[in-house]
Amino acid sequence: MKIQDVLEKKVTEGIHTLYSVTLPNVEFQPTRKDFEGDITVVVFPMLRHVKGTPVQIGEQVGAYLEKELDIVIGFNVVKGFLNIIISDAFYIDLFRDIRENKTFGIVPQSDDAILVEYSSPNTNKPLHLGHIRNNLLGYSVAEILKASGKKVYKTQIINDRGIHICKSMLAWQRFGNGETPKSTGLKGDKLVGNYYVAFDKAYKVEVAAMIDVGTDKKVAEKEAPILLEAQQMLLKWEAGDEAVVALWKKMNGWVYEGFETTYKNLGVDFDSYLYESDTYLLGKDVVADGIKNGVFHKKEDGSVWIDLTAEGLDEKIVLRSDGTAVYMTQDIGTAIQRVKDHEDINGMVYTVGNEQDYHFKVLFLILKKLGFTWADKLYHLSYGMVDLPSGKMKSREGTVVDADDLMEDMTKTARAISEELGKLENYSDIEKQSLYKMIGLGALKYYILKVDPKKRILFNPEESVDFQGNTGPFIQYTYARIQSILRKAKDTKIEWQNELKITGLHPKEKELIKQLQVFPDTIQLAAENYSPAVIANYTYDLVREFNSLYQQVSILGETDEEKKVLRVQLSQKVGEVIQSAFGLLGVAVPERM
RNA sequence: GGUGGCAUAGCUCAGCUGGAUAGAGCACCUGCCUUCUAAGCAGGCGGUCCUAGGUUCGAAUCCUAGUGCCAUCACCA
């Protein structure tokens, strides 16, 4: 039983005994560091029910608790705060339980299943820093939900069709000279991305030339020959033209290969994929049904709309007048398809940037109006943009931070720092390389995930991501130090797996146990809020607490055998929790660094 | 213009359902490596919590209005 539950019961009982009043609830908070005590009862809210001054009530309740409970060994009252001192024995018992629990904080998987969508890129250009945030968030939230007891399916929908990929295809046909990833040594997504840029360049030249000979700018932008040709290509694709489809398949294939490499390096994975080329027609049937049911209405020109003005939104198009699908149509179809594919799911999470807040608001509302009861279980995991000091990233202007390059840079930075510190003498080059990557990626992932998802991130490529303080490497470093202790403990044959016989705690040890104790609640909180930042901040606090102990007392040098055993056990458990928490963030931890 | 989000130390961020003197990191300054890894620890400096009202015993937190930044409101994605 949790200490809070025990105390709540006793406080309520005490108030009832002392004042014959039944409290609806009792408010607790951790005792501030500047006061003596472990947990604090806030007396102010009781004043509504009990007559008296906060200090009086606090004193009486404190005395009652001390008399009634063995674990309460003292108290003090400051203004309206009753600070309770809990016995070391309680925390030692608590730690015994925590230590024995090999999956501490992790709730066993239930049948409550949920689908998490993330990444979902277009296939005309490589992944960039914005995608990295999306991928890290989606992956981490999926892992957190899993740890909170849910069954999780990770998925993505790939936007593989449309005018954008046709542009790359056309440019490749024209300027490509048959280049392939193999012939150029380029990653497939990079190669295709280059042609997307090449298209834009050629397009701009054409537009400028037309304007020079007197064409109106707007007309030129709409009628540049290369653009018209790309649109022709899209029509051919939709008509199933063999040559176009073959080219489309070939170039998309290159892109997928490139993406896979990036995902692998980033350490994210998926249980399933959907392609828009497979699903873009699905929504149309639903729209047709919706017209019959009166959810949608057709205008004279043939376009189909939904009126959401009653809900405070506006009219939204769901089908163009030429009968082709818009994004909304596809998303309706995709959602329905997913529910069909996963009969056990009880909710879906869409990891998509906050620029699409409105889109998802409308999508969920439409699905609800269509009568799908599961529409209430959809959640848009909306996150802020990653901006550069110069503003928004724009792929056509070459201001994007490329995902692969960034990971490579982080690895290089990790190498430079490691070499300077020179702690890896007997590591092989391969071991070193994998460690540099682990640290570099750790820095990057933590840097992005520690920020509340809904806040935008300002990323300055000039100032490299930190490796000190509240950072991934700092936490990895602590983990490595712990492993070093455990290796030595093993070597020196300390009987540290034995049952604890200790009766008293160092204040730092107590603080550490308190911090360990809240790990399970932290996972639940992170899951409820879809926020890896909650996990990141928790881990940082835990690690700070451990380092403080580490510097203040000797662990293996402790002469009292029982104290030594406790400290080694504490170290081990802290290490396990770091590994577990970082696992939820998708960050690996090293044996040494 | 309508709607939504954000605003906390020079910079980057915490601050749980309202609770004590608003916390970390970076940067700057001062100590600490013959003893478990100094990517560390201990301490110092640094705040009109955007502004003005309101609710409350109590507001960074909740409500209202305003300011600033961002997004969105297209037969775009």
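A residue is called buried when its relative accessible area is under 20%, exposed when it is over 50%, and partly exposed in between, using a 1.4 Å probe and protein chains only. By that rule helix α4 is mostly covered, with 18 of its 19 residues buried. The model is predicted, so that local features need pLDDT of at least 70 and side-chain atom pairs pLDDT 80 or more, while totals for chains, interfaces and linings use all residues. Residues are numbered from 1 along each chain as its sequence is written, chains are lettered from A and ligands numbered from 1 in the order in which they are written, and side-chain values use heavy atoms, with hydrogens and water left out.

Chain A as a whole comes next. Of its 593 residues, 52% are buried. The C-alpha trace spans about 90 × 65 × 45 Å along its principal axes. Chain A holds 21 helices and 14 strands; these are DSSP runs numbered from the N terminus, with helices being H or I of at least four residues and strands E of at least two. A contact means heavy atoms within 4.5 Å. Among the contacts in chain A with a separation of 6 or more, 74% join residues 24 or more positions apart.

One open sheet has four strands in the order β1-β2-β4-β3, paired antiparallel. Its edge strands are β1 (28-30) and β3 (72-78), each pairing on one side only. Two strands count as paired if DSSP finds at least two bridges between them. Within this sheet, β2 (residues 39-42) and β4 (residues 81-86) are joined in the antiparallel sense by four bridges, and Val-41 has Leu-82 of β4 as its bridge partner. Helix α2 (residues 54-68) lies across β3 and β4, at about 175° to β3. Such angles run from 0 to 180 degrees between N-to-C directions, the axes being lines fitted to C-alpha atoms, for helices over the stretch in contact.

Another open sheet has three antiparallel strands in the order β8-β9-β10. Because β8 (297-298) and β10 (315-319) each have a single partner strand, one side of each is left without a neighbour in the sheet. Strand β9 (residues 304-307) pairs with β10 over four bridges, and Val-304 stands opposite Leu-319 in β10.

Helix α4 (residues 129-147) can be checked by its span. The expected span of a helix is 1.5 Å times one less than its number of residues. For the 19 residues of α4 this gives 27 Å, which agrees with the 27 Å between its end C-alpha atoms. The helix is followed by Gly-149, whose phi is positive, near 115°.

RNA strand B is surrounded by 63 residues, the closest being Asp-301, Tyr-327, Lys-423, Tyr-477 and Tyr-550. Here a residue is near a molecule or strand if one of its heavy atoms lies within 4 Å of it. β2, β4, α15 (403-421), α17 (472-491) and α20 (532-552) each supply at least two residues of the surface near the RNA strand. A polar contact is a pair of N or O atoms within 3.5 Å; within protein, one must be able to donate a hydrogen and the other to accept it, and residues adjacent in sequence count only if both atoms are side-chain atoms. A polar side-chain atom of Lys-455 lies 2.8 Å from a phosphate oxygen of RNA strand B, and for the side chain of Ser-484 the distance from an N or O atom to a phosphate oxygen is 2.6 Å.
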